[in-house]
Amino acid sequence: MKKAPVIPAILMALAVAASALYFSSKARVAEPARRFAAEQLAPEWTKEVIDIMERVPKTDDGRTKSLHTFAYYELLRNRAIPSVRLSLEGGGSRSLPPVGWFLDVLFYPEVANRYPVFNVEDSDALLQVGLNPHDKKRDKYAYEELAPAREQLIAARTRLAEVPPEKQSRLDLQINNLASNVIRYEELMHFLDFARQGVAIPADFPDEPLKSKAGTTVPFSEALVGLKGSETFARFMAAARSGDRSPMPELLQKIDLVLRDTSRISWYAPPTSATPDAWVPAGGLIRDYLTGGPHGAAAIGQLQTLEKLAVLAADRGKNGELQAGVAALGQGLVAAAQASNSYKKVAMDRGYLKAGLFSWAKWGFTLLFLLMAVSWLAPSSRWGRGLGRLSLWGAVAGYGAIFVGIGWRVLITGWGPITNIYETIPFITLMAGVFALGMEMLFKNRIPLIVAVCCGAAGMFLAGRYEAGDAADTMPSLVAVLRSNYWLWTHVTSINIGYATVLLAAIFSMIYIFCRLFDITRQNAALFRMLTQSAYGILCFGLVFSLVGTVLGGIWGNDSWGRFWGWDPKENGALVIVLWCLAVLHMRLAGWIREIGLHVCTAFGANFCLFSWWHVNLLNVGLHSYGFTQGLDQKLFLAYGIVSLVVLLGVAVKVLEGMALKSGRSGGVAGVEPGAG
Amino acid sequence: MADRLLAVLGSYHIAVVLFLLMILLTLVGTFSQKTLGLYESLRIYFVSWMVPREGWLFGFIPLPGMASVLAVMFVNLLAGGVLRIRKNWRTIGNVIAHLSMLGLIAAGAMSLWYKQEGHMRIFEGESSNRVQAFQDWVLEVQEPGGADRSIQIIRETAFRTKSPGETTVFHRGGWPFELKVSGYQRNATITTTGDPSVVPGARSVDGYTLRPLPVSPQHEANMAGVFLDVVDLGGQVVAQTVLAQVIRQGEIVTRGDAPFSFAVGGRQFAVSLTRETWEVPFSIRLDDFKAEYYPGTRKAKEYESQVTRISPDGSETKFRIWMNNPLRDSGYVAYQTSFDDQSPPGQERYSVLTVVKNPSDQWPLYSLLAATAGLMITFLTKLVRFLRRAAVSPSAV
């Protein structure tokens, strides 16, 4: 059987393109030339310490997650990759896991400030705030290098806060991000300052026992205890309660400043029976101690622990004690979390991120793709068939990994599989894969299989890129309107199955168009019939799921916002997909399109899907504000362009074949259109 | 003859053209929301019979409005998808699906014409039966001491002129006067003539004038302003005023809907410019309002109003209203929309409920059930037939 060598050729070209993409993305995160002397660096944290600290719960953005998750996204936000690798003098390197980096920033800020962890996409952004950039356009910078421009960065950020996002240039966005990252970093960096520096007691402080220490610096906890027990504080509080707004005593001002600085880091105090959900920030401990709040009793002991650790960190000779102390601190926090029954999800959260299932699936699918490309060189040989079977099971395993990953997330969040834009990507990938593998079971001709493998690889690459670009926790807490598992499982999933099926139908149609374009296997009517049946059948599924999902969305809107339909952009996007499916099916009935026409239309449907899935989020108008996105315009228009190009090729095929048929030059062409199935 | 007519009206060609038109209108209307805001894009594209000139494609291609496209689609569906379609066990699913779509379009028309919507702002411990419209301004005219104390309403659409230079004249039976409304601004505030931002020579009454403000795409943020001349039947101006809200630095300082009183022929009248309000046949008392935030953030996790519905006969029923869980009662639906998240805990807070009366409230649900059933029957029978054929002759690739 004469298989045209075109398919393997296309596949090889795609493989080369994919690997080029991979290596170029690797090249872009290459390390800077900066090298560290081993003795300049802080002592490494032991595996035990890292392992314990990763499991420490940390409340952030309303969710209690593992410290590993927090540090991972903190690093991803700054750096675009979630780990730090430092080049050492005399060769070799040392890599820091996210929590290792986090602990360095806390305990050794003077060392961590030299780590190149701030990603700058375009060095021009640095010129604008008066810094001398490195030679490379895109490079990583240390806090130390950015610190001189701190004021300019913050001033620029304040200025940009007034400018609407769509009017901000690319550089503006970068400066804004960089400024935010620097501020967030500083919060971590200064977190233990109070423990390191202590408090200077004002010379005129009138009450014992601090009076005798006036003018000297005492540990923070000692100053806090002294202040709480003093006449001065009692008088101030009494005055404040009676509505008198007299200025704070100087010592209280200093303590208040620490209280504010340490308020964001909320990994410290575990919940109590009084506040079951709240992991209060360290600042909250201080406030509770002063005002008699629920965590006040434990505050001094916990602050003293941090003070002791900060002193140990200053002396490299006592590193062993420091490690043991940090491990004990972590163990205490984990034990407290276990006691308050909030630990299970924290452990799952860390496990999910550590497992990296989507990343495994990504590389697995890429490998399968290459395997399949090889197997297609000689599809009917024994090893070709073996590779084919291997690919099938590999694809099943890959989608299994995605399924487990999604299920894991559902168990952690307690909500349906899709609650934000990121989660649409693995879900749509999984659904497209399931349908494609179903087609493979039906037709057993490897075409749906390769579609499944390509979808898996593309979807997982997209998920990775989106996560890195967004650089925020992919399980943020839900706005009130979304907190409904009933609607998340019905409306949101059916709409996204709709997207998946319409896109999958478009892919089959694109394959059809390419086959016709390159005149592959013109005698193989069965191949064309299979592609047409696939595209048409999947489009029908697409219609059902899109229609049901859209109307379900309307019913949800009628129960949450008081109207069934409001011509909101996200609603309109879904409607356009439904209308397009209906238009295509009726065009076929009306005789406007037959086979290639159907494929041209189905392929074009991908554009409407892209519009609804991504474009409406960029408009920043309407009630679906929880899905708003920014900065994807260029990529989106590129995708529209590619889809439209394929569609134009399909139109060209039709026109050219029509012309050939009319002039009667080619007798074989008539056989190409194997009846409108 | 009737058959031919049905064939034309119900043809696939018309259906396809309508689908494509709907897609076009939806896309254009969606993008227009970026600049125009939802209210204007609704008016231009989605509830209009013909798209007005400002909304034409590229400025010169006229477009039909969504209302007329849906009306034609209704006819097309009825003729082609329900009446003319061959009816047998194979097409039963299709007929059901088409019928359900008719139901959806009808539901849309019903709510377009008969739906009433507004909001109720209730403080804890208080009760209300008055609902205020979100958007439409009205002039309310009343003779408080007269025999007929009913309020006459003039809607904004009636005095909404293209340019502030135009005047609209209103007269209702029993009035010994005419109301001349002029100087209409969609968004304006009252200011003194000394305000440097006022154009010199602009009309003023007793030293007060209107200062136009930029029209917001969020129509509910716009506050109309007008000049009012009361003219007796002899043509004499007996009273004049300027009506609008007084806004300073973005905040409403004085509610401009305090009535303006005037006397004509010994009778006392009052007119005010206000958002339209209407009454529901029961009162709602807010017993308690609860808001829960995610720990360490200002992001609301859940918020709910615990209310008591008080019937005209005085009987009381308790309900909870929270996100996604409205109160449905005697044709009205009350939704949790918003709340006071500024007041410190302990203080009395208010809750905002959206109240809707929509005769077609549940129609989409019934349509959906029918459509799902219909499509399932159609596609599943197709799938089964296809699989049977595939089993008989496996494809030879």
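In what order do the strands of the open sheet of four strands in chain B come? The legends below get to that, one close-up at a time.

Everything here comes from a predicted model, where local features need pLDDT of at least 70, side-chain atom pairs count only at pLDDT 80 or more, and totals for chains, interfaces and linings use all residues. Residues are numbered from 1 along each chain as its sequence is written, while chains are lettered from A and ligands numbered from 1 in the order in which they are written.

**View 1. The open sheet of four strands in chain B.**
The order is E4-E5-E8-E9, and the pairing is antiparallel. Strands (E, at least two residues) and helices (H or I, at least four) are DSSP runs, numbered from the N terminus, and two strands pair if DSSP finds at least two bridges between them. Strand E4 (167-170) and strand E9 (237-243) of chain B sit at the edges with a single partner strand each, so one side of each has no neighbour in the sheet. On average, and ignoring direction, neighbouring strands here are turned by 20° against each other. Look inside the sheet and you'll find seven bridges joining strand E5 (residues 177-185) of chain B to strand E8 (residues 225-232) of chain B. In one of these pairings, B:Phe177 has B:Asp232 in E8(B) as its bridge partner.

**View 2. An open sheet of three strands in chain A.**
This one has mixed pairing and the order E1-E4-E5. Strand E1 (35-36) and strand E5 (93-96) of chain A are the edge strands, each with a single partner strand, so each has one side left without a neighbour in the sheet. Strand E4 (residues 84-88) of chain A runs antiparallel to E5(A), with four bridges joining them. To spot a bridge, find A:Ser87 and its partner in E5(A), A:Ser93.

**View 3. Two crossing helices, H19 and H21, in chain A.**
The axes of helix H19 (residues 382-413) and helix H21 (residues 447-470) of chain A come within 10 Å and cross at roughly 40°. (Axes are lines fitted to C-alpha atoms, for helices over the stretch in contact, and angles run from 0 to 180 degrees between N-to-C directions.) From H19(A), residues including A:Ser391, A:Leu392 and A:Ala395 meet residues of H21(A), among them A:Leu449 and A:Ala452. Being in contact means that the C-beta atoms, placed from the backbone, lie within 7 Å. Sorted by class, this contact has six nonpolar, three polar and no charged residues. Here Ala, Val, Leu, Ile, Met, Phe, Trp, Tyr, Cys and Pro count as nonpolar, Asp, Glu, Lys and Arg as charged, and the others, Gly among them, as polar.

**View 4. Where chain A touches chain B.**
Here 52 residues of chain A are in contact with 49 residues of chain B. On the chain A side, H23(A) gives the most, with 14 residues. That side of chain A has 36 nonpolar, twelve polar and four charged residues.

**View 5. H23(A) alongside H7(B).**
The axes of H23(A) and helix H7 (residues 363-392) of chain B come within 10 Å and cross at roughly 170°. The two helices are therefore roughly antiparallel to each other, a label for angles over 145 degrees. Among the residues that meet are A:Cys540, A:Val544 and A:Leu547 in H23(A), and B:Pro364, B:Leu365 and B:Phe379 in H7(B). This contact divides into 13 nonpolar, four polar and no charged residues.

Notes: Two residues are in contact if their C-beta atoms, placed from the backbone, lie within 7 Å. Angles under 35 degrees count as roughly parallel, over 145 as roughly antiparallel, 65 to 115 as roughly perpendicular and the rest as oblique.
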